[in-house]
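Good morning, colleagues. Please bring the sequence and the coordinates up on the screen, and I shall then take the two chains in turn.

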Amino acid sequence: MPVDTRERRRLTAALLGGGTAPVPDEPDPGVVRGTLVDIGPHLISVATPQGEERFVLAEDSVLWRGRVADVTELSPGQDVIVRTHPDNRWVAQRVWSGLARVTGVIVAEEDGLLEVDTGHDRRNSVVAIPYRSSGRIQVRHPILKPGYLFDAVGLDKDGEFQAMIPVSSQPPYPVAETPRRPAVRRRPTTVSGTVGWYDPAEGRSGDPLATATGAAYPALDRSADCGPGCDQVTSCAPLPLLSIGTSFRLRNDCTGRSAALQVIACGSATARFCDRCATCGSEERGRIAQLTLTSFIALGGLPEAGCFNATLTVG
Amino acid sequence: MIDVVREIQLLVLAVMLLLGAAAKFTDRSINGQGPAGLLPVRFHRPVALLHGGTEAALAVGLLVLKGQPGNIVRGATALMFVLAVVTLIQLRKRDPEMGCGCFGGLSSEPVGWRTITRAGLLAVAAVSTVGLPVSGVTALLGSASAHAIVLGAEIVVLGALSPELKEIAFRLTHRTPCELRQVPLRRTMARLRASDLWESNRATITSAEPVDLWRHGCWRFVRFAGRRNGRDVDVVFGVPITGGKSGVRAVIVDAETGTTLVGFGEVAGLSRSDRARGGDGAARAPYEAV
């Protein structure tokens, strides 16, 4: 059954009221993604779907490519994301190059490479762990064996993911032994928890999905949306069931920034994580949404940190 | 009287073992793994199934066997409960947060003196049955009022020693909120087709099956293609997850323009601010700090 996501939200609003299904906010103009055209000590030029855009690199601009980098490490052709300065859109506050993330369950381990299942609606990812980051990865992911969770930020190098920074602490048990969610007593119209990100374009800056806004949601209605091969488990956070095309409001509890976001995909892999985010000290466990990379940055998240604490409101 | 007490132990032990086996087969909560939780992960489920299978076999033996085979089963049951006492004491030292797993996920409360005492009492009960000339089924068929009194007293004692009752009471009294409840599609369709709004809009609907289905919290939405006054329309029903057929809402929307033509039930419609923003009730700038 083809999914007309725009109609679903609008018809929900017609039946239940506009506050129930808010109109998704437009992309933040302060987040720009594209292909790096040129970079110098003071200027960066990016090819975007809207044309070429140039940004000034100030003294306090931060460049990232697996770690904090300098301009010589970025080269034309790379996938870059620019977050502009809040007071001046023509100044790049942060620039990320080659950013990628793999979140899911390890399904195979061979020759030092991991294969990770990132959800029933996505391709498995192949993960390489470079020697220089292996110690850091091992600290928070001590068991790199099939059946265990994996979540790391790194670099996309010619289609291979190089894990650099672990962004969660791996549970000591495999996913098959994940505890059940305790019984929920209250009506969950607002849910606090952790928000992560994913890249729907998988590093292809020219892909229309590269600048998509919205979220993959870990609690889709199984009978309407999850489809064949559905591997969705019950999320640790008490999330209201939604469908692709519906919308919710999300507030970054660390920065206070808020936006209305549309559910654009299934976040089944994130439903397996019941972790906390230490960004601003919330005690709430469980991942409540997996934002697209641009939405995550627009709401004030740092992709290399992997998460922020947020409150989700479903009308 | 002593024989009455001994005979009733066969039934109590059999029922306890059968309930334990059923719970282990059906509930896979990690906190209810009991001693199996101390083993490597790959052994957890096989050990739980083996434990449950052994309990079921012993229960059947207690009910149907007598004579020498019956005594062997009763002795084995006593041995199992003695081992349970030892294991539970060890489990309490090794992992104070772990439940005993006696009744699968229902036994998720950390092992305490009540659980250990219960296992000890059941071991004594099993020992007391060794040498009885009758089987459990025979004891049940020949039971009298004295058996019922002893059984009632024993149920009270075992109930007081069972932390699982608290978990059962919680599960029975706390229903999952409608926002979180997975509901079969056929139940939604049955509620829709039983509603007055379905009857009154049936003539407008042209598609035999829904063209789209989706969920938003406590509501499931069902969209049909239709035709009204010579124009293609969408007939959209909102069916509440809980409550009766009277809560169903519906709107008819022009398929081409998207204009809402008519609403039925307590349809919210779009407020002025909704229309100003295209549907969002909260008119605030995106991504601003609030």
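This is a predicted model: local features need pLDDT of at least 70, side-chain atom pairs count only at pLDDT 80 or more; totals for chains, interfaces and linings use all residues.

In strand 5 of chain B, Phe264(B) is the bridge partner of Ala250(B). That pair belongs to an antiparallel arrangement in which 4 bridges join strand 4, residues 249–254 of chain B, to strand 5, residues 260–264 of chain B. These two strands of chain B form a hairpin with 5 residues between them. Within the turn, Gly258(B) has a positive phi of about 80 degrees.

The secondary structure of chain B comes to 10 helices and 5 strands. Chain B is divided into domain 1, residues 2–173, and domain 2, residues 185–277. How far apart do the C-alpha centres of these two domains of chain B lie? The separation is 53 Å. Of the 290 residues in chain B, 38% are buried. Taking the contacts in chain B between residues at least 6 apart in sequence, we find that 59% join residues at least 24 apart.

Helix 4 of chain B has 17 residues, and the distance from its first C-alpha to its last is 25 Å, close to the 24 Å expected at 1.5 Å a residue. Which residues of helix 4 of chain B are buried? They are Thr115(B), Ile116(B), Arg118(B), Ala119(B), Leu122(B), Ala123(B), Ala125(B), Ala126(B) and Thr129(B). As background to that list, an α-helix has 3.6 residues a turn, so residues three or four places apart point the same way. The cover over the buried residues of helix 4 of chain B includes helix 1 (2–26), helix 3 (67–94) and helix 6 (145–160) of chain B. Just after helix 4 of chain B comes Gly131(B), which takes a positive phi of about 100 degrees.

Why can we say that the length of helix 6 of chain B agrees with expectation? At 1.5 Å a residue its 16 residues should span 22 Å, and its end C-alpha atoms are 23 Å apart, so the two values agree.

There is also a record to compare with chain B. UniProt, in an unreviewed entry, places the feature "transmembrane region" at residues 47–65 and 72–91 of chain B. In the model, residues 47–65 of chain B are 95% helix and 0% strand, with the end C-alpha atoms 26 Å apart. Residues 72–91 of chain B are 100% helix and 0% strand, and there the end C-alpha atoms are 28 Å apart.

I now move to chain A. Chain A is divided into domain 1 (31–97), domain 2 (101–174) and domain 3 (188–313). The C-alpha centres of domain 1 and domain 2 of chain A lie 27 Å apart.

Is Leu149(A) buried or exposed? Leu149(A) is buried, because 24 other C-beta atoms lie within 10 Å, and 20 or more are required for that label. Leaving aside neighbours within four places in sequence, the contacts of Leu149(A) are Val105(A), Gln170(A), Pro171(A), Val175(A), Arg272(A) and Phe273(A). By comparison, Val184(A) is 35 residues from Leu149(A) along the chain, and their C-alpha atoms are separated by 25 Å.

Strand 10 of chain A runs antiparallel to strand 11 of chain A, and 6 bridges join them. In this pairing, Leu155(A) stands opposite Gln162(A) in strand 11 of chain A. The two strands of chain A form a hairpin with 2 residues between them, and Asp158(A) in the turn has a positive phi of about 55 degrees. Strand 11 (residues 160–166) of chain A is also joined by 2 bridges to strand 9 (residues 125–128) of chain A, and this pair runs parallel. There, Gln162(A) is the bridge partner of Ala128(A).

Finally, chain A contains a closed barrel of 6 strands, running 12-16-13-15-14-17 with mixed pairing. The twist averages 45 degrees from one strand to the next. Within the barrel order, strand 13 (residues 215–217) and strand 16 (residues 287–292) of chain A run antiparallel and are joined by 2 bridges. Ala215(A) has Leu291(A), in strand 16 of chain A, as its bridge partner.

Notes. Residues are numbered from 1 along each chain as its sequence is written. Chains are lettered from A and ligands numbered from 1 in the order in which they are written. The expected span of a helix is 1.5 Å times one less than its number of residues. A residue is buried if 20 or more other C-beta atoms lie within 10 Å of its own, exposed if 12 or fewer, and partly exposed in between; C-beta atoms are placed from the backbone. Two residues are in contact if their C-beta atoms, placed from the backbone, lie within 7 Å. Domain bounds come from an automatic or database domain assignment. Two strands pair if DSSP finds at least two bridges between them. Axes are lines fitted to C-alpha atoms, for helices over the stretch in contact, and angles run from 0 to 180 degrees between N-to-C directions. UniProt positions are given in the numbering used here, feature names are shortened, and annotations may be inferred rather than shown by experiment.
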